[in-house]
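Here is a short briefing on one protein chain.

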Amino acid sequence: MKNIVKMIVLLLGLSLLGGCSYSEAHRNSENLKQVSVGMTKDQVREIMGEPVQEKYSLDNVWFYFTRVCWMDGQVTRDECTPLVFNEEGVLKGIGYPYYQKILDQDHAQRHYVNELL
């Protein structure tokens with residue numbers, strides 16, 4: 001009987017953990033629909049909140065958790081959407097295609113990003 005109770009408590013805890021991750025990703029995905037190229041960092045932050053602060057976000061590239069790929073409670077780069085800003089802090093592009101284009105153009109930036117990962 002004790003093992004059944006422990007198993008139920010464990011499953012409830014895991015489902016709550018996954019639910020929080022899913023709700024944050026869903027909220028960010030919905031908020032991302034309000035973000036557009038040309039917005040300032042402050043305008044983006046007002047809509048999206050703070051970006052993922054771990055090793056992913058840079059001064060001019062912010063990552064937001066937008067989808068759950070792994071139910072491990074951790075935010076990984078493949079679960080995020082990058083937002084790329086120019087030097088003046090204006091949003092220039094959203095998503096991996098734009099982010100990859102910037103990395104392809106700037107080899108020094110690519111080297112720096114690869115070192116972070």
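N31 is buried, because its relative accessible area is 17% and buried means under 20%, exposed over 50% and partly exposed in between (1.4 Å probe, protein chains only). This is a predicted model, where local features need pLDDT of at least 70, side-chain atom pairs count only at pLDDT 80 or more, and totals for chains, interfaces and linings use all residues. Residues are numbered from 1 along each chain as its sequence is written, and side-chain values use heavy atoms, with hydrogens and water left out.

**Around N31**

- N31 belongs to helix α1, residues 2-32. Helices (H or I, at least four residues) and strands (E, at least two) are DSSP runs, numbered from the N terminus.
- Not counting residues up to four places away in sequence, N31 touches I47 and M48. Contact means heavy atoms within 4.5 Å.
- N31 and M48 lie 17 residues apart in sequence. Their C-alpha atoms are 6.0 Å apart in space.

**Whole chain**

- The protein chain has 4 helices and 3 strands. Along the sequence they follow the pattern α-α-β-β-β-α-α.
- Of the 117 residues in the protein chain, 32% are buried.
- Take the contacts with a separation of 6 or more: residues 24 or more positions apart account for 37% of them.
- The accessible surface of the protein chain comes to about 7,700 Å². Carbon and sulfur atoms hold 57% of that surface. Accessible areas come from the Shrake-Rupley method with a 1.4 Å probe; for residues, only the protein chains shown count as cover.

**The sheet**

- The 3 strands form an open sheet, ordered β1-β2-β3, with antiparallel pairing. Two strands pair if DSSP finds at least two bridges between them.
- The edge strands are β1 (61-65) and β3 (91-94), and each pairs on one side only.
- From one strand to the next, the twist averages 25 degrees. Axes are lines fitted to C-alpha atoms, for helices over the stretch in contact, and angles run from 0 to 180 degrees between N-to-C directions.
- Strands of a sheet pair through backbone hydrogen bonds, either parallel or antiparallel.
- β1 and β2 (residues 80-85) pair in the antiparallel sense over 5 bridges. L83 in β2 is the bridge partner of W62.
- β2 and β3 pair in the antiparallel sense over 3 bridges. Here L83 stands opposite I94 in β3.
- The hairpin of β2 and β3 has 5 residues between the strands. In this hairpin, G89 takes a positive phi near 85 degrees.

**The loop at T66**

- T66 lies in the loop between β1 and β2. Its relative accessibility is 10%, so T66 counts as buried.
- Leaving aside neighbours within four places in sequence, T66 is in contact with A25, N28, S29, L32, E79, C80 and T81.
- T66 and E79 are 13 residues apart in sequence and 6.1 Å apart in space, C-alpha to C-alpha.

**Rings and a charge**

- Rings of Phe, Tyr and Trp (its six-membered ring) pair if their centres lie within 6.5 Å; planes under 30 degrees apart count as stacked, over 60 as edge-to-face and the rest as tilted. By this rule the count comes to 4 aromatic pairs.
- F63 and Y99 have ring centres 5.5 Å apart and planes at 85 degrees, so this pair is edge-to-face. The pair links distant parts of the chain: F63 is in strand β1 and Y99 in helix α3, 36 residues apart.
- Both F63 and Y99 are buried.
- The rings of Y96 and Y99 are also edge-to-face, because their planes stand at 75 degrees, with centres 6.0 Å apart. These two are 3 residues apart in helix α3, so about one helical turn separates them.
- Y96 is partly exposed, with a relative accessible area of 28%. Y99 has a relative accessible area of 2%.
- Ring pairs join F63, Y96 and Y99 into a cluster.
- The charged end of K41 sits over the ring of F85, 5.7 Å from its centre. A charge sits over a ring if NZ of Lys or CZ of Arg is within 6 Å of the ring centre and within 35 degrees of the ring normal.
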